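Biologist: Please take me through one part of this model up close, and spell out the cut-offs as you go.

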Amino acid sequence: MRKCHIGPLPPPLGGISVYLYRLQKLKPDDRYVNSVGLRKIDFLKLLCQTREVVVLHDNSIKRLTAAYFFSLFLGLQYSFVVHGAGVFRKKKWISWYFLRKSLQRAISIQFVSQSLQDRMKEIFPEVVKHSFVQHAFLPPPLEDEKKISDTYPHEMCFFLEGHSPILIANAFKLVFWEDGNDVYGLDMCVELIRRLKLKYPHIGLVFALADDTGAPDYFAKIKEQVLTDKLDGHIFFMTGQRELWPLFRKADLMVRPTCTDGYGSSIAEALYFDCPAIASDVCVRPEGTVIFNNRDMDDFYEKVREVLSRKGFPQL
């Protein structure tokens, strides 16, 4: 049966929007509706008029609750894709109540990682009976490579040529988790390069930040730290809406020190292009990922050194 996918479409670029963009190329017969800027009245009209199975890809409790009521009274069929831990954020009891009802009513629930399904099982054990785990990585369309590469700043191309080894990290937007930690671990990336520079004097890190408007004071503090530690020649911040995967063809290592995650499609992307990847142990990672203990800087550093050593990079 034809499906109607509702979720963020690029721009902006993010894990879900890139997934839906690629899914659109693989399954062009389905319908895709951009949830970014979608007015409430237009969303309700869509639910009222559609005869397709609606697939919800964002964490909006209001939209999920609306789908629940349309299913209850008008026979709408809908499913839900849990892309990350945002659905488990603290909320009022009424929101938890309707989240549970909505999930019970869904015809299926897809979790992009086993850890997300396990967490849901702890909260609402009955809803996982009609759920399944399927990661959200889809291979990128290779025909887009030149178009994407042409958007990269020339300064970054020079940076890549002048540094070795090259590490890649990324974030959609700088945000903090409930425990106060930087979700994407930018602070850990900076400290990693500070330590590695002593062993690899030509090391370089490209940190791709799709949206640089988040946590401006924190970002300014990080940049100040980079200057204080004399790392400005070793860290390149690539900001703006660009896909990352062409860089994995040139990189030596991808790092993802997130303190919470759903799956980490960029890790699967790196591995797809034979670029090693190191990530925190906050969820089940793609096969082949080197794992380190979450927020453990020493373990992070040692795992990176081990990978670089195996790749044959000489140390001082």
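**The sheet and a helix pair**

Modeller: Let's start with an open sheet of six strands, paired in parallel and ordered β9-β8-β7-β10-β11-β12. The edges belong to β9 (235-239) and β12 (290-292); each has a single partner strand, so one side of each has no neighbour in the sheet. From one strand to the next, the twist averages 20 degrees. Strands here are DSSP runs of E with at least two residues, helices are runs of H or I with at least four, and both are numbered from the N terminus; two strands pair if DSSP finds at least two bridges between them.

Bear in mind that this is a predicted model: local features need pLDDT of at least 70, side-chain atom pairs count only at pLDDT 80 or more, and totals for chains, interfaces and linings use all residues. Residues are numbered from 1 along each chain as its sequence is written, and side-chain values use heavy atoms, with hydrogens and water left out.

Inside the sheet, β7 (residues 166-173) and β10 (residues 253-256) pair in the parallel sense over two bridges, and L167 sits opposite L253 in β10.

Then there's a helix pair: α8 (residues 186-196) packs on α11 (residues 297-310) at about 55 degrees, axes 10 Å apart. That makes α8 oblique to α11 (under 35 degrees is roughly parallel, over 145 roughly antiparallel, 65 to 115 roughly perpendicular, the rest oblique). Axes are lines fitted to C-alpha atoms, for helices over the stretch in contact, with angles from 0 to 180 degrees between N-to-C directions. On the α8 side, M188, E191, L192, R195 and L196 meet M297, D298, F300, Y301, V304, R305 and L308 in α11, contact meaning heavy atoms within 4.5 Å.
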